[in-house]
Amino acid sequence: MASEKAPRPRASRNCGNCRAVKRRCDQQIPHCGQCIRMREKCPGYRDEWELVFRDQTDKTIKRSKEKRAKRKGSTTSSRTPSPPTPGLGPSLDEIGVNYFLHNFVINNQTPSRGFFNYIPAVYNAEAEHYTLVTSMAAVGLVALANSNQQPELARHARIKYSEAIANVNTALASPVDSVKDSTLMSVISLGVFEHVSNFQSWVRHVRGAAALVVLRGKSQFTSTAATLMFNQVRADTVITCLHANQPFPEDLLALQGEASKHADAYSPFWLLGVSATKCVNLLYSVTQNKSKVSWSEKLEEAIILQEEFRRVFEIISLADPYTTIYEPTADPEVFHEGRFDVYQSTWAIRVWNNARCIRMIVSEILYSILMKVLATELPSAVRTTLEAKYQETVQIMTSLGEDMLATVPQMLGYVSLVSGQHVSYNLTSTASVPGGYSLIWTLYMVGKSPVTKRKSRKWVIRRLQDIGRGAGFAMALQLLEGVMKIDQLSEASVQRSGPYFEPTRL
C-alpha cells in the first residue's frame, strides 16, 4: 500500500539566511541576531500576512479534502455543497477562499488589497468555522468571476452564496454558534457580495449584522478582532442611517461605550467612528428641525462638530502621512488632473477616505445651514463672519474632493509603494477589484458634492461606470444614477441648499 503523503510543514518565520542553512533564528527586529553575529547582511523576514495566507490555505484544502472523503463514504449529508472541480488541482471552493484571502485581507506591502485584517485572529481562535470558509469562498469566487468576466464562475459563486446564507441561518439558530466571531465575520464578508446585487440588499445585510452585534452583547469585546468587526458594522450602519435619514441606533451607541473600554480610544479610526455617529444624529436633527430649534443653534452645533473633525484629521496626519505627486502628462483617465497621493498601506487610505467622507457630510450640513442663515436679515458684522465661514466651508469641501480623487490610482493598483520608499507604476495591469469595492462610496461622495466642478464630476461618473461594469458591482451603477442626476442640475446647484441632503440617499 502506498504511504500517505506527508503534510506540508508549517511555513518558517525565520529570516532568509537562517532558513537557508537550517539554523535557529531569534527573529529579532529589524535584523536577526544570528546574522549580526555572523556579520551577514540579514535579508529580513517573510511577510507575516503571506504566512497566514499559506497556513490557512493549507488548512482549508485539508478540511475540504476530509469533507469530500466523508461525503463520498456516506449516502446522506446535512449539507449539499456544489460538486468539486474534477482533477488533481484545487476545487473552485478552494480557489475562491484563496482569492478572498489574497485580495480582501490587508497587506501593507501590497496596497491593492482589502481591509479584513481581523480574519487571521478569527481563524486562529476557532477551530471549526465552516460557515466562514463558505462565505469567503462565495465572495472570492464572485470577485474572481467579475475581474475575469467568467459567467460560469459567477453562477457557481451564486450557488456558493446561497449555501453560505443557509449556513449563516443555521448558525444564527444556534445559541452557541450565533455569538461566535466567525459567524459575525461571515455576515460581514457576505456584505461584499451584496455590492454585486443592489443597494437595498446591502442595507438589509448591514441591519442584520447590526442586530447580530447587539445580540452578542457587551461580553463580545474580549478580542481585538471583535472590536475591529464592531468598527466595520458601525461604519456600515453610519452609511445606512445617512441613506435613510435615521438617527444612529441607541443600542449600538450603548455598545460603542462598552467597546471603548477595550479599544484604543485615541486611535484615529476609533475617534472617527465616534464622530461619525454624531454626524448621523446631527444630519437627522437638521432635516427634522422644522424651525423647532433656531438655525443659529444648529449652526453652532455643526461648527463644533467640524472643529472635532479638524482635530481628528490632525491625529490621522501624524499617524498616516502620505506623499502628493503630480504627473502632468499622465493618463487623465487614471490620474485626475495629473495628481495622485501615495500612502503606506490601503488601511491608511481607508481611514483617510472614511474620515473625508464623513467630514464632507458635516461640511454639507454646515453649508446648507449657512445658506439658510445668510438668507435672513443679519447685523453687518455677523454677516461678514458667516460669509467667511461659508467660504471656508466651500474650500474644505473642495480640498476633500481633490484629496479623495487622488487616492484612486493607488487603490486601483495602478501605482504602489515598494519597500516603503519607491513608487512603482503598473498601468498595464487590470484595476483591482477590492480597490474598486472600497472606492464606490468615496467616488459617490465627491460626485454628489455641491462644490465639485462639472469636469471632475464627469471623471467620477466614468470611474463609477468602470467599477460597476468591470468589477460587476451593481451598487456602483445604482449610486451613479444619483450622481448623474446631480450632474444634470450642476449649473444651478450652487444656489441650492436643501437638495444636498438628498444625495446621501438613493
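Guide: Asn-245 is buried, with a relative accessible area of 15% (buried means under 20% relative accessible area, exposed over 50%, and partly exposed in between, with a 1.4 Å probe and protein chains only). This is a predicted model, in which local features need pLDDT of at least 70 and side-chain atom pairs count only at pLDDT 80 or more, while totals for chains, interfaces and linings use all residues. Residues are numbered from 1 along each chain as its sequence is written, and side-chain values use heavy atoms, with hydrogens and water left out.

Visitor: Where does Asn-245 lie?

Guide: Asn-245 lies in the loop between α10 and α11 (250-259), where helices (H or I, at least four residues) and strands (E, at least two) are DSSP runs numbered from the N terminus. Although Asn-245 is not a glycine, its phi is positive, at about 55°.

Visitor: And Glu-337, is that buried or exposed?

Guide: Glu-337 is exposed, with a relative accessible area of 53%, and it lies in the loop between β1 (323-326) and β2 (339-342). Its phi is near 55°, a positive value in a residue other than glycine.

Visitor: Let's step back: how many helices and strands does the protein have?

Guide: The protein has 19 helices and four strands, and buried residues make up 53% of its 506 residues. Of the contacts with a separation of 6 or more, 70% come from residues 24 or more positions apart, contact meaning heavy atoms within 4.5 Å.

Visitor: At what angle do α10 and α12 pack?

Guide: Helix α10 (residues 224-244) packs against helix α12 (residues 268-287) at an angle of about 25°, and their axes are 10 Å apart. Axes here are lines fitted to C-alpha atoms, for helices over the stretch in contact, with angles running from 0 to 180 degrees between N-to-C directions. That makes α10 roughly parallel to α12 (under 35 degrees is roughly parallel, over 145 roughly antiparallel, 65 to 115 roughly perpendicular and the rest oblique).

Visitor: Which residues in α10 and α12 meet?

Guide: On the α10 side they include Phe-230, Arg-234 and Val-238, and on the α12 side they include Trp-270, Gly-273 and Val-280. By class, this contact of α10 with α12 has 10 nonpolar, four polar and one charged residues, taking Ala, Val, Leu, Ile, Met, Phe, Trp, Tyr, Cys and Pro as nonpolar, Asp, Glu, Lys and Arg as charged, and the others, Gly among them, as polar.

Visitor: What about α14 and α17, how do their axes cross?

Guide: The axes of α14 (residues 346-374) and α17 (residues 433-448) come within 10 Å and cross at roughly 25°, so α14 and α17 are roughly parallel to each other. The residues of this α14 contact with α17 divide into six nonpolar, two polar and two charged.

Visitor: Changing topic, how many disulfides does a search of the whole structure find?

Guide: The search finds zero disulfides, a disulfide being a pair of cysteine sulfur atoms within 2.5 Å. The closest cysteine sulfur to that of Cys-32 is in Cys-25, 3.6 Å away, which is too far for a bond. Cys-32 is buried, with a relative accessible area of 0%, and Cys-279 also counts as buried at 0% relative accessibility.

Visitor: What does Asp-26 touch?

Guide: Not counting residues up to four places away in sequence, Asp-26 touches Cys-32, Gly-33, Gln-34 and Arg-37. Asp-26 is found in the loop between α1 (16-21) and α2 (33-37) and is partly exposed, with a relative accessible area of 33%.
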